Amino acid sequence: MALSGSILKTSEETFDFICTSCAEDNLIKEALKYCVECQKYCCKDCLTSHRRFALLKGHTFLDNSSVKLQGQPSSLPAFPTKQCSQHIGKIMDMFCKTHDVVCCYVCAAEDHK
């Protein structure tokens, strides 16, 4: 019986990136995108579902080519993904040499001119 493109974990088929949510349900499906805010890989079906919810519509998705492989399908991207604790939804991707801290662009503009 086919599982609509899904493969049980016992399968020998491998992918460079596997869907994080499907893997939690003991299925292996190839991930097409990476959600920066959720820090999860998404297959075609999960990507469609992810984009339907209002709270998730503004999330940033990256192509697999933007993600650095480190020998494991669940490796994280090689760029900042940590979110700012002061500014919801902002990624900490700036560095202030004066204060020697990493911050989001809003913090940089307000506190680290």
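With which residue does Lys29 form a salt bridge, and how far apart are the closest N and O atoms? In this predicted model, local features need pLDDT of at least 70 and side-chain atom pairs count only at pLDDT 80 or more, while totals for chains, interfaces and linings use all residues. Residues are numbered from 1 along each chain as its sequence is written, and side-chain values use heavy atoms, with hydrogens and water left out.

The partner of Lys29 is Asp45, the closest N and O atoms being 2.6 Å apart. Lys29 is buried at 9% relative accessibility, whereas Asp45, at 42%, is partly exposed (buried means under 20% relative accessible area, exposed over 50%, partly exposed in between, with a 1.4 Å probe and protein chains only).

Across the whole structure, the search finds three salt bridges, each defined as a side-chain nitrogen of Lys or Arg within 4 Å of a carboxyl oxygen of Asp or Glu. In another of these, Asp63 and Lys33 meet at 2.4 Å, N to O, and this pair links distant parts of the chain, with Asp63 in strand β5 (residues 61-63) and Lys33 in strand β3, 30 residues apart. Asp63 is partly exposed at 38%, and Lys33 is partly exposed at 21%.

Lys40 also forms a salt bridge with Glu24, with 3.7 Å between the closest N and O atoms. Lys40 has a relative accessible area of 27% and is partly exposed, whereas Glu24 is exposed at 57%.

How values were computed. Helices (H or I, at least four residues) and strands (E, at least two) are DSSP runs, numbered from the N terminus.
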